[in-house]
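Thanks for asking me to look this one over.

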Amino acid sequence: MRSDEWWQDVTTPMLETVRKRLRALVKLIDNEARKPIYTDFEDVMGDETSVELPGFTKPDSFERFRAKARAFLKDHEDHLTIHKLRMNRPLTATDLDELEKMLTASGICVSEDLQRAKKQSQGLGLFVRSLVGLHREAAKQAFAGFLTGKTLSANQIEFVNLIIDHLTEQGVMEPALLYESPFTDLSPHGPDGVFSSMQVDQLVSLLGEIRQRAVA
């Protein structure tokens with residue numbers, strides 16, 4: 001017989017005997033003698049600490065206002081002033097007054113929100129345009145004169161399409177963005193690597209006209 005088999009033959013009966021004695025001992029203990037054990041978790045846990053996770057920060061009141069204003073304006077695109085903004089038609093001071101009254105009456109903002117919106121966007125018209133965007137057909141029409149009579153390369157056409165995409169989404173566009181991605185993905189030098197100097201000036205001028213039409 002191997003040593004391990006011998007040890008198993010010896011220890012197995014012994015362990016069984018110990019288990020039986022322990023079970024008998026437990027039965028003899030009076031239930032009332034079994035005192036409960038309490039744990040003071042308050043002392044263990046200590047003071048709570050707030051932790052802000054990246055990507056889960058709480059938006060401030062102005063960002064909530066922007067979200068509410070965007071939803072409200074999208075639901076009222078048939079309003080005359082909003083329609084003008086989306087179709088790139090010039091605004092009057094009366095248009096902006098009516099727009100401000102409408103936003104105030106909607107209850108989605110307070111005066112401080114509108115003042116901050118005007119200051120950040122350099123005017124209420126530009127703020128609203130940034131939320132509702134420019135109608136795609138209006139953006140195309142704005143560049144119709146620039147495209148007419150020219151034989152453009154594939155990169156030039158794509159460059160103009162990127163401008164139209166941005167205007168459709170954002171409503172206005174700063175000329176400096178022409179020198180950033182995605183435009184520099186087509187050409188490292190932005191419009192200067194795709195168009196002539198005169199054509200670049202025309203593009204910048206068109207962006208300025210589109211912006212000005214949102215300012216009374």
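How much of the protein's accessible surface belongs to carbon and sulfur atoms?

1. To start with that question: carbon and sulfur atoms hold 54% of an accessible surface of about 14900 Å². Please keep in mind that this is a predicted model.

2. The protein is built from 12 helices and zero strands. Read from the N terminus, its elements are α-α-α-α-α-α-α-α-α-α-α-α. Of the 216 residues, 31% are buried. If you take the contacts between residues at least 6 apart in sequence, 69% of them join residues at least 24 apart.

3. I would then turn to H5, which covers residues 93–106 and has 14 residues. From first C-alpha to last, H5 reaches 20 Å, close to the 20 Å expected at 1.5 Å a residue.

4. Which residues of H5 are buried? They are Asp95, Leu96, Leu99, Met102 and Leu103. These residues lie on the same side of H5 because they cover an arc of only 120 degrees around the axis. As a handy reminder, an α-helix has 3.6 residues a turn, so residues three or four places apart point the same way.

5. What do those buried residues pack against? Their partners are helix H3 (61–75), helix H4 (80–86), helix H6 (111–121) and helix H7 (124–132). On the face of H5 turned away from the buried side, you will find Thr94, Lys101 and Ala105, which are exposed.

Methods:
Residues are numbered from 1 along each chain as its sequence is written. This is a predicted model: local features need pLDDT of at least 70, side-chain atom pairs count only at pLDDT 80 or more; totals for chains, interfaces and linings use all residues. Side-chain values use heavy atoms; hydrogens and water are left out. Helices (H or I, at least four residues) and strands (E, at least two) are DSSP runs, numbered from the N terminus. The expected span of a helix is 1.5 Å times one less than its number of residues. Buried means under 20% relative accessible area, exposed over 50%, partly exposed in between (1.4 Å probe, protein chains only). The arc is that of the directions from the helix axis to the C-beta atoms. Contact means heavy atoms within 4.5 Å. Accessible areas come from the Shrake-Rupley method with a 1.4 Å probe; for residues, only the protein chains shown count as cover.
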